[in-house]
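Please read the notes below beside the sequence and the coordinates.

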Amino acid sequence: MTRLRSRNALLLAALFAGALPAAAQAAKPLIFCAEAAPEGFDPAMWDTASTYNVTKPIFQGLTAFQRGGVAIRPSLAESWTVSPDGLTYTFKLRRGARFHSTDYFKPTRDFNADDAVFTIRRWIQPQLPFNQAFKTPLTGPDGYGLAKLIAAVDKVDAHTVRIRLNERNATFLTFFAMGFAGMQSAEYAEQLLKAGKPQQINLLPIGTGPYRFQSYAKDSAIRYQAHPQYWGKPQKTQSLIFAIVADPQVRIQKLKANECQAAAAVREADLDTLAADKRIKIASTGASNISYLAYNLKRPQFAKREVRVALDIAINRDALFKAMFPKGGATQAINPFPPSTWSWNPKTRNEYNPAKARALLAQAGYPNGFTVNLWALPVQRPTNPNGKLMAQMIQQDWAKIGVKANIQSYEWGEYLKRAAAGEHDVYMSGLTSNSGDPDDFLWNALSCSVSKDGQRFCDAEFDRLLQLGRQTTDQKKRTQYYLKAQDIFKRERPWITIAHSRIYIPLRANVQGFIMNPNGSFDFEDVWLK
């Protein structure tokens with residue numbers, strides 16, 4: 001193990017030194033040990049935490065979440081106004097925001113309305129030439145139903161954009177602060193389209209953020225350089241590196257050896273070891289998150305509510321949590337979002353009742369049970385620190401009611417691809433909210449707009465309540481809609497809810513300026529080594 005670590009360190013050092021110019025080599029790089037490789041670098045294409053983390057240094061939205069909170073603040077839009085009917089938003093864009101200049105693109109102008117209009121129309125108009133050539137769905141904006149929500153986006157002048165909605169939406173401004181909403185360069189997109197290479201927008205990104213993309217060695221390392229023409233503060237850290245280290249124990253070893261200065265979230269079981277090292281500190285937050293098991297509702301057995309309830313109440317959550325979260329840093333999930341989110345329903349409960357589960361299976365026509373494929377999460381997440389162990393314990397619980405679970409798993413990218421295609425029976429997943437709004441949990445995971453032709457949950461009354469919740473800004477009214485929606489969720493059980501957890505990010509003691517947000521996310525803007 002020691003030899004492997006030393007060899008990897010030498011390889012990484014040689015790789016980085018060879019790629020960076022002399023000025024950047026002179027400054028010590030900040031290295032983050034990430035848990036998984038990104039699916040790509042186009043933020044609109046993906047909706048996973050892994051990709052959001054790696055695109056965050058590069059891209060910026062019209063709005064942003066206040067660091068350490070969920071309040072909306074200006075970003076590439078300096079200000080905005082909303083019409084009295086709530087249907088028209090007018091954004092005044094920031095002047096002097098420069099796109100990155102790289103070997104593969106040299107911008108001739110600053111960010112302006114053409115870029116904002118291109119980016120937003122790309123989300124909502126599949127017939128655009130760039131979209132037709134790109135031929136790839138945009139998971140982020142699709143998940144929030146923006147194509148149906150936005151009626152039009154227009155350039156008023158070089159620094160003003162007007163967006164008209166088909167209906168009021170209480171959370172609209174938050175969308176422009178989310179990971180998928182990074183503003184793209186219309187000039188760069190035109191260059192790619194003329195070259196017949198639109199797919200490169202996912203491989204060679206261009207943004208306005210504090211760091212520009214330098215290179216990516218697949219499954220190994222992503223390298224960034226500070227953006228020399230950044231409109232914000234000059235970055236003290238000139239070289240930022242994401243080293244892809246899938247094994248959580250290896251990440252800890254690298255942190256201790258100072259081969260990385262920050263690492264992806266660690267398990268509770270590792271906290272004591274880390275706390276004993278004076279060179280390491282732990283940043284933590286009670287995150288706005290949930291882990292769950294999702295059914296493929298196209299499978300005939302899972303189309304029956306009794307089966308879904310039976311598998312849910314057959315799980316001994318108390319035993320599961322003792323094994324998975326020994327320090328009590330997680331709570332059992334009852335509803336589709338955590339108790340810290342306003343409108344959480346206090347009347348719903350979890351239940352553990354194997355006898356009732358067997359009776360429900362018999363009632364559904366499965367007195368002898370059935371066989372199911374259970375997909376174990378292949379990466380470590382705060383709400384699911386050990387997917388294999390969780391799968392094994394659930395497998396044992398289901399066996400007691402006659403259901404045989406075959407545990408399967410895949411490499412992370414393959415896991416996501418196969419689940420999206422509906423190859424699973426039951427798979428482990430999770431959500432982390434950016435905004436802390438109930439809509440952020442419910443709409444892009446449980447509304448009919450993302451049901452994938454029946455693979456996922458779609459309930460007309462549930463959808464109606466979500467629509468009503470979006471169309472008013474009165475939080476008391478919205479709370480009543482979401483309370484009723486949670487009752488329907490608990491009755492229908494499209495998910496087996498598992499956990500809400502704290503998130504623990506280990507850092508070297510000399511890391512300065514690092515701030516965790518309420519959803520557990522973070523970025524490296526204005527972070528440096530003392």
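In this predicted model, K155 counts as partly exposed, its relative accessibility being 42%. Its salt-bridge partner is D114, and the closest N and O atoms of the two are 3.2 Å apart. The points that follow take up this pair again, then other salt bridges, the chain as a whole, and a few individual sites.

**Salt bridges**

- The structure holds 26 salt bridges, and the one between K155 and D114 joins strand β6 (residues 150-157), where K155 lies, to helix α4 (residues 113-124), where D114 lies, so that the pair ties together parts that are 41 residues apart in sequence.
- D114 is partly exposed as well, with a relative accessible area of 32%.
- E423 and R418 form another salt bridge, in which the closest N and O atoms are 2.8 Å apart; E423 is partly exposed at a relative accessible area of 40%, and R418 is partly exposed at 24%.
- A salt bridge also brings together the side chains of R470 and D439, with 2.9 Å from N to O. Because R470 belongs to helix α18 (residues 460-470) and D439 to helix α17 (residues 438-446), this pair ties together parts that are 31 residues apart in sequence.
- Are R470 and D439 buried or exposed? Both R470 and D439 are buried.

**The chain as a whole**

- The protein chain has 19 helices and 20 strands, and its radius of gyration of 23 Å is close to the 24 Å that the globule rule gives for 530 residues, so the chain is as compact as a globular protein of that length.
- Along the principal axes, the C-alpha trace spans about 70 × 65 × 40 Å.
- Of the 530 residues in the protein chain, 55% are buried.
- Among contacts with a separation of 6 or more, 71% are made by residues 24 or more positions apart.
- The accessible surface of the protein chain is about 21600 Å², and carbon and sulfur atoms account for 51% of that area.

**An enclosed helix**

- Seven of the nine residues of helix α12 (residues 305-313) are buried, and the helix is therefore largely enclosed by the rest of the structure.
- Which residues of α12 are buried? They are V307, R308, V309, A310, L311, D312 and I313.
- The elements that cover these buried residues include the strands β13 (289-295) and β18 (495-508), together with the helices α13 (317-324), α14 (354-363), α15 (387-399) and α19 (475-492).

- N53 is placed in helix α3 (residues 49-55) and is buried, with a relative accessible area of 14%.
- When neighbours within four places in sequence are left aside, N53 is in contact with F242 and F522.
- A419 lies in helix α16 (residues 412-420) and is buried, with a relative accessible area of 5%.
- Leaving aside neighbours within four places in sequence, A419 is in contact with W375, H424, Y427 and Q455.
- A419 and A36 are 383 residues apart in sequence, while their C-alpha atoms are 17 Å apart in space.

**Positive phi angles**

- Most residues other than glycine have a negative phi.
- K135, although not a glycine, has a positive phi of about 55°; K135 lies in the loop between α5 (129-134) and α6 (139-143), where it is exposed, with a relative accessible area of 69%.
- D526 is likewise not a glycine and has a positive phi of about 60°; D526 is found in the loop between β19 (511-512) and β20 (528-529), and at 25% relative accessibility D526 counts as partly exposed.

Terms used
Residues are numbered from 1 along each chain as its sequence is written. This is a predicted model: local features need pLDDT of at least 70, side-chain atom pairs count only at pLDDT 80 or more; totals for chains, interfaces and linings use all residues. Side-chain values use heavy atoms; hydrogens and water are left out. A salt bridge is a side-chain nitrogen of Lys or Arg within 4 Å of a carboxyl oxygen of Asp or Glu. Helices (H or I, at least four residues) and strands (E, at least two) are DSSP runs, numbered from the N terminus. Buried means under 20% relative accessible area, exposed over 50%, partly exposed in between (1.4 Å probe, protein chains only). The radius of gyration is taken over C-alpha atoms; the globule rule is 2.2 Å times the number of residues to the power 0.38. Contact means heavy atoms within 4.5 Å. Accessible areas come from the Shrake-Rupley method with a 1.4 Å probe; for residues, only the protein chains shown count as cover.
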